[in-house]
Amino acid sequence: MLAFTLRRLFQSLVVLLVVGLVAFSMFRFVGDPVDNMMGQERTDADVERLWEKLGLNDPFIVQYYNFLGRAVQGNFGVSYKQARPVADIIAEQAPATLELAAVSALLAITFGIGFGVFTAIRKDGWASHLIMSVSLIGVSLPTFLIGILLIYLFAVELGWLPSFGRGDVVNVGGWKTNFLTLSGWKALILPSITLGLYQMTLIMRLVRSEMLEVLRQDYIRFARARGLKEKSVNFRHALKNTLVPVITVTGLQLGSIIAFAIITETVFQWPGVGLLFINSIQFVDIPVMAAYLMLISVMFVAINFAVDLLYFAVDPRLRTDRSGAAR
Amino acid sequence: MRDTITRAWRSDFMWTFRRSPVAVVSFFVVALLVLSAVFAPLIAPHDPFNPATLNLMNGFSQPMEPNAFTQEVFWLGTDDQGRDVFSTILYGMRISLFVGFAAVLFALILGVTLGLIAGYKGGWLESVIMRVADVQLTFPAILVAMLIFGIAKGFTPVHLRDQMAIWVLILAIGLSDWVQFARVVRGATLVEKNKEYVQAAKLIGRSPFAIMLRHILPNVLSPVLVIATISLALAIIAEATLSFLGVGAPPTTPSLGTLIRIGQGFLFSGEWWILLFPAITLLALALAVNLLGDWLRDALNPRLR
C-alpha cells in the first residue's frame with residue numbers, strides 16, 4: 001500500500017511539473033512579455049533593462065525554476081487585461097465557482113444514486129422507463145443548450161427564477177456566499193441543475209447497471225430467503241456493493257464539474273473562475289490562462305490521487321490483493 | 001458493376017443495417033444534412049454573407065409569415081439584420097461539418113500514426129506516447145481544446161485571427177481527441193504484430209514502415225472507424241460549444257454554435273426562432289451521428305455488445 005501510494009504521488013508530481021512547464025512556456029513564448037508590459041514610448045535600453053530585471057536572460061531551466069517557485073507561493077503575475085494580480089482576481093471569483101460546483105455535485109450524487117436505485121429495483125415500471133428516456137436526452141443535449149432551455153422556460157416564460165448572476169451575496173470574511181440569502185438560493189437553482197444534469201445521468205446509469213448486476217447474485221437471493229426486509233436487502237446488501245465503481249466515477253466527475261462550470265458560468269453569466277478563464281482566452285490574457293491551468297491541474301491530480309486512496313478505504317479486498325492495487 | 005452492388009446489398013453488414021430502423025433513419029438524417037450543407041449555395045434562398053442581398057427592412061420576420069414592410073416570406077424567419085435564418089443555418093452547418101470532419105481526420109491520422117508506432121516499436125517511444133495520452137485523458141477534452149485554442153490564438157497575429165479561427169479550431173479539437181485512436185490502435189497492433197503474416201512480412205524483408213502501413217493498418221481499421229463516427233458527434237458538439245462560448249468560429253463565418261450564441265441575445269425580446277432552429281439542427285445532427293456510431297459499433301464488433 002505504501003509503495004503504491006508513493007508511486008502514485010511521484011506520478012502526480014511529474015504531471016504537475018509538466019503542466020507547469022506548459023504554463024511557463026505560455027508565459028515566456030506566447031507573445032513578448034516585455035512587449036506586453038511596456039507602452040509604445042520606450043528605448044532599447046529600457047527594454048534591455050526590463051529583460052535583465054525580469055530575469056529573461058537567465059538560462060531556461062533557471063527561469064522555469066523561478067516560475068515554479070513563484071507559482072507555489074501563489075504569485076501568478078499580473079493580468080494583462082485587468083492590471084491586477086491574478087491571485088487576487090482568482091481568490092475573489094473562486095467562491096462563486098466552488099459554491100456552484102458543490103451544489104451541483106450534491107444534486108448529481110443525491111438524484112443520481114436515488115434514481116439509479118429506483119430504476120434498478122422497479123426495472124419495468126413506467127416511471128423507470130420515463131426516467132431512462134429522459135436521461136438519454138440529457139446525455140445527448142449539449143450543456144449550453146440545456147442552460148438556454150431552462151432560462152427560456154423558467155426565466156423568460158414563467159419568470160420564476162433569475163436568468164443570470166448570483167443574486168444578493170453576503171460577504172463572510174472575504175468569502176462571498178450565496179447560501180445566506182433567498183435570492184442567492186434562487187439564483188443557484190438553474191445553473192446548478194444545468195451543471196449537475198450530465199453528471200447525474202452518468203451516475204444514475206452506472207448505479208442502475210451495477211445494481212442490476214448485484215441483484216442477480218446468490219447472496220441477494222439468500223438474504224431474501226432469510227426473510228430480511230426488502231429495504232435492508234436493497235440498501236444494506238446491494239447498494240453497498242455497487243459503491244466502488246460509483247465512487248471512482250463520481251470522484252473523477254467532481255473535477256469535470258469544475259471544468260464544465262466554464263460553460264454553465266458563461267450561459268448564466270455566473271461570476272466565477274470559469275467565466276474568468278473564457279474571457280482570458282478571448283483577450284489572450286496569458287497570466288490568467290496559465291494560473292487557471294495550474295490550479296485546475298492541481299485539483300485534477302489531487303482528485304485522482306484521492307480516488308485511488310479511497311479504493312482502499314471502501315474495498316477491504318484491495319488491501320491484500322496486489323492485482324487490485326494496479327487498477 | 002451491378003454484380004458488386006447486389007453482393008454489397010446482400011452482405012451481412014447491409015443486412016444488419018436494413019434490420020435496424022434507428023440506423024436507417026439516422027443515416028438518412030445525416031445524409032440529408034450533409035448534402036444540404038454541401039449544396040448550400042444551390043439550396044439557400046439567400047446568400048446571408050453577401051451584404052448586397054440583405055434588406056434591413058426584412059429584419060425580425062416571423063417564420064412563415066409575410067414581413068410587415070416588404071411582404072417577403074421567410075420559412076424560418078430572419079435575424080436582426082434581415083438574414084434568412086434557413087440560409088444561415090445551411091451555411092453554418094457547412095462550417096460545423098467541415099470543422100467536425102477535419103478535426104476528426106486530423107485526430108485520426110495523428111492518433112493512428114502514434115498508436116501504430118507505440119504498438120509496433122515499443123520501448124521508450126511507447127512509454128512516452130502512452131504517458132502523454134494518460135495525462136491528457138485526465139483532463140476533459142473540451143478543456144484541452146479551449147487551452148490549445150487560447151495558446152494558438154496567442155501565436156496568430158491579431159489581424160489574421162478571424163481568418164485563422166476555423167483552422168485553430170480544427171487544430172484544437174483534433175489535438176484534444178487523438179488519445180482514443182492511439183490507445184485502440186496500439187492495443188490492436190500489440191495483438192497483430194505477433195501474428196504469422198507479420199512474421200512472414202518481416203522475413204521477406206519488408207521495411208517496418210511498410211509492415212505498419214500495408215499489413216497491420218488494414219487489420220486494425222474497423223475499431224478506428226467506430227471511434228471516428230462517435231468522435232465526429234463529439235467534435236461537432238465541441239465545436240458548437242466553443243463557438244457558443246465565443247472562443248470558436250467568428251461572427252463573420254458563423255457555425256451553428258455561433259448562430260446559437262447570436263440567437264441567445266434575442267431570446268428575451270421574444271424572437272425565439274433565431275435561436276430555436278439552429279439549436280434543433282445541431283441537436284438532430286449530433287444525435288443522428290451518435291446513434292449511427294452506436295449502431296456501427298454493434299455491427300462491426302459483436303463482442304462489444
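Colleague: Why is B:F277 called buried?

Modeller: The relative accessible area of B:F277 is 18%. Buried means under 20%, exposed over 50%, and partly exposed in between, with a 1.4 Å probe and protein chains only as the basis. At 18%, B:F277 therefore counts as buried. The model is predicted, with local features needing pLDDT of at least 70 and side-chain atom pairs counting only at pLDDT 80 or more, while totals for chains, interfaces and linings use all residues; side-chain values use heavy atoms, without hydrogens and water. Residues are numbered from 1 along each chain as its sequence is written, and chains are lettered from A and ligands numbered from 1 in the order in which they are written.

Colleague: How many aromatic pairs does a search of the whole structure find, and what makes B:W272 and B:W273 edge-to-face?

Modeller: Over all chains, 12 aromatic pairs are found. The ring centres of B:W272 and B:W273 are 5.7 Å apart, with the planes at 85°. Rings of Phe, Tyr and Trp (its six-membered ring) pair if their centres lie within 6.5 Å; planes under 30 degrees apart are stacked, over 60 edge-to-face, and the rest tilted. The angle of 85° therefore makes the pair edge-to-face.

Colleague: Why is the pair of B:W272 and B:F277 called tilted?

Modeller: Their centres are 6.0 Å apart and their planes are at 55°, so the pair is tilted. As for cover, B:W272 has 33% relative accessibility and so is partly exposed, whereas B:W273, at 3%, is buried.

Colleague: Which residues form one aromatic cluster?

Modeller: B:F17, B:F27, B:F28 and B:W295 form one.

Colleague: How do you know that the span of helix 3 of chain B is close to the one expected?

Modeller: Helix 3 covers residues 21–38, which is 18 residues. Helices (H or I, at least four residues) and strands (E, at least two) are DSSP runs, numbered from the N terminus. The expected span is 1.5 Å times one less than the number of residues. Helix 3 reaches 26 Å from its first C-alpha to its last, against 26 Å expected.

Colleague: Which residues of helix 3 of chain B are buried, and what covers them?

Modeller: B:A23, B:S26, B:V30, B:L33, B:S36 and B:A37 are buried. Their cover includes helix 2 (12–19), helix 4 (40–43), helix 5 (85–121) and helix 14 (273–300) of chain B.

Colleague: Why is B:L35 called partly exposed?

Modeller: B:L35, in helix 3 of chain B, has 49% relative accessibility and so counts as partly exposed. B:L35 also belongs to a nonpolar surface patch with B:V38, B:F39, B:L42 and B:I43, about 500 Å² of accessible area together. Helix 3 and helix 4 of chain B each give two or more residues to that patch. Patches are made of residues with over 30% relative accessible area and no salt bridge; like charges are joined within 9 Å, and nonpolar side chains (Val, Leu, Ile, Met, Phe, Trp, Tyr) within 5 Å. Accessible areas come from the Shrake-Rupley method with a 1.4 Å probe, and for residues only the protein chains shown count as cover.

Colleague: What makes B:K195 and B:E192 a salt bridge?

Modeller: Their closest N and O atoms are 3.3 Å apart. A salt bridge needs a side-chain nitrogen of Lys or Arg within 4 Å of a carboxyl oxygen of Asp or Glu. B:K195 is partly exposed at 38%, while B:E192 is buried at 11%. B:E192 is in helix 9 (residues 178–192) of chain B. Leaving aside neighbours within four places in sequence, its contacts (heavy atoms within 4.5 Å) are B:Y197, B:V198, B:I216, B:N219 and B:V220.

Colleague: What parts does the salt bridge of B:R183 and B:D134 tie together?

Modeller: The N to O distance is 3.1 Å. B:R183 lies in helix 9 and B:D134 in helix 6 (residues 123–138) of chain B, so the pair ties together parts 49 residues apart in sequence. B:R183, at 36%, is partly exposed, and B:D134 is partly exposed at 32%. B:R131, B:D134 and B:R183 are linked in a network of salt bridges.
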